[in-house]
Amino acid sequence: MTENPLRIGVIGCGYWGPNLIRNFNALAEAEVAWVCDLNADRLSHIVGLYPHVVATENHRDIMGDASIEAVAIATPVPSHFALAKEALEAGKHVFVEKPMCETSAEAEELIALAKARGLTLFVGHTFIYSPAVQEIARIVRSGELGKIYYVASRRLNLGLLQRDINVIQDLAPHDISILNHILDQDPIAVSASGSAHHQEGVEDVATMTVEYAGKLQAFLHSSWLDPKKVREMVFVGEEKMLVYDDVEPQEKIRIHDKRVVRPPHYDTFAEFQFSYHYGDVHTPWLRGGEPLRTECKHFIDCIRSGETPLSSGEHGLRVIRVLEAANASMRNCGARVELPPLCESTRS
Ligand SMILES: NC(=O)c1ccc[n+]([C@@H]2O[C@H](COP(=O)([O-])OP(=O)(O)OC[C@H]3O[C@@H](n4cnc5c(N)ncnc54)[C@H](O)[C@@H]3O)[C@@H](O)[C@H]2O)c1
């Protein structure tokens, strides 16, 4: 039996919201019925593109429409918690953009509410739906790179300066979500430092060290003050090294057959020498497809099947815990902040 398309209301039609509207609109399984923004010009723009959609400046019109099953929230981060909570209380499934909200206490409340009401809570961590990240996860888990020693990630460009969140909250959610997905483990500690050059208290450049068990570390550099757009993650393993360049249009992943080789036997210290293995560079083929389309489809599939999304509320919470620890470290001159294990009751 074919189900009716899921009726969705999208709140926030600024930079990112229209991408959600376009992707949900393109899916046979969904129908964008409402759009909402405080800015009437943004609504006219959207209605010009999608004349069948009803526009409102008041999100309560969407919450009060019993025919709406799901709400997608693409407003600034400080408004995520209140809007998501209201939507869950109104019995709607929720897709909320990253980061899910501002604090882990808020995230835990949303997870508990969704669980109690039997609703899907989904966070817009788009990168984990990209063919490149999916392929890296497969490669890392297959053991091809060997034990991962460290990951170095650079997410840099000039702008877009935000007012209500710092550069860590804006850019690092992508890195943390990708790392949590690929490594399939939670960090144990975080240290971070950053500086604010344009707005008091809003860091526009920052670095973060994320520690995992077994000496694995991830070094993240996030910046709105860089001449060049860089989206690069380097995975250095015991056997091979992988470079993921998301700016590269075609060959996003390169696997370098390079490693340090320890001599198997030596009798004297004078004989001991490291050597270096240099082999081929391999570029895996990646299937096409817009990650956001896959993400939107997964949201609807999870609502219909009751399956836990890949970017569930818990995934969103695990990202926020790292952001919180990074901000606490930054406010305390880069001190190391330990992350306690995730409480069992908040697992979705
Ligand atoms: N997944 C991704 O790759 C990705 C990329 C970019 C942005 N984002 C996320 O999307 C969200 C929005 O970012 P953006 O860059 O589009 O911001 P934006 O400022 O361009 O747009 C936000 C819009 O929300 C509207 N708005 C604010 N409060 C509202 C309310 N209470 N009701 C209705 N409308 C309201 C504003 O008028 C504005 O048009 C953020 O959480 C951001 O992190 C995600």
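This is a predicted model: local features need pLDDT of at least 70, side-chain atom pairs count only at pLDDT 80 or more; totals for chains, interfaces and linings use all residues.
If you want one place to look for in the structure, find Gly9, which stands opposite Val71 in E4.

These strands belong to an open sheet of six, and if you read across it the order is E3-E2-E1-E4-E5-E6, with parallel pairing. At the edges are strand E3 (54-56) and strand E6 (121-124), each of which pairs on one side only, and from one strand to the next the twist averages 25 degrees.

Now let us turn to the other sheet, an open one of nine strands, where the order is E14-E13-E12-E11-E7-E10-E9-E8-E15 and the pairing is mixed. Its edge strands, E14 (275-282) and E15 (337-338), each pair on one side only. Within this sheet, strand E7 (residues 148-158) and strand E11 (residues 225-237) pair in the antiparallel sense over nine bridges, and Ala152 has Val234 in E11 as its bridge partner.

Two helices that pack on this sheet deserve a mention. Helix H6, residues 131-142, touches E7, E11, strand E12 (241-245) and strand E13 (253-261), and the direction of H6 makes about 170 degrees with that of E12. Helix H9, residues 313-331, touches strand E8 (189-195), strand E9 (205-211) and E15, and here the angle between the directions of H9 and E8 is about 55 degrees.

Stepping back to the protein chain, we find nine helices and 15 strands, and a division into domain 1 (6-126) and domain 2 (128-290 + 324-337). The C-alpha centres of the two domains lie 31 Å apart, and the contact between them takes nine residues from domain 1 and eight residues from domain 2. On the side of domain 1 that touches domain 2, four residues are nonpolar, four are polar and one is charged.

I will finish with overall dimensions: the C-alpha atoms fill a box of roughly 80 × 50 × 45 Å along the principal axes. Because the protein chain has 348 residues, a compact globule would have a radius of gyration near 20 Å, and the 22 Å of this chain agrees with that.

Definitions and conventions. Residues are numbered from 1 along each chain as its sequence is written. Two strands pair if DSSP finds at least two bridges between them. Helices (H or I, at least four residues) and strands (E, at least two) are DSSP runs, numbered from the N terminus. Axes are lines fitted to C-alpha atoms, for helices over the stretch in contact, and angles run from 0 to 180 degrees between N-to-C directions. Domain bounds come from an automatic or database domain assignment. Two residues are in contact if their C-beta atoms, placed from the backbone, lie within 7 Å. Ala, Val, Leu, Ile, Met, Phe, Trp, Tyr, Cys and Pro count as nonpolar, Asp, Glu, Lys and Arg as charged, and the others, Gly among them, as polar. The radius of gyration is taken over C-alpha atoms; the globule rule is 2.2 Å times the number of residues to the power 0.38.
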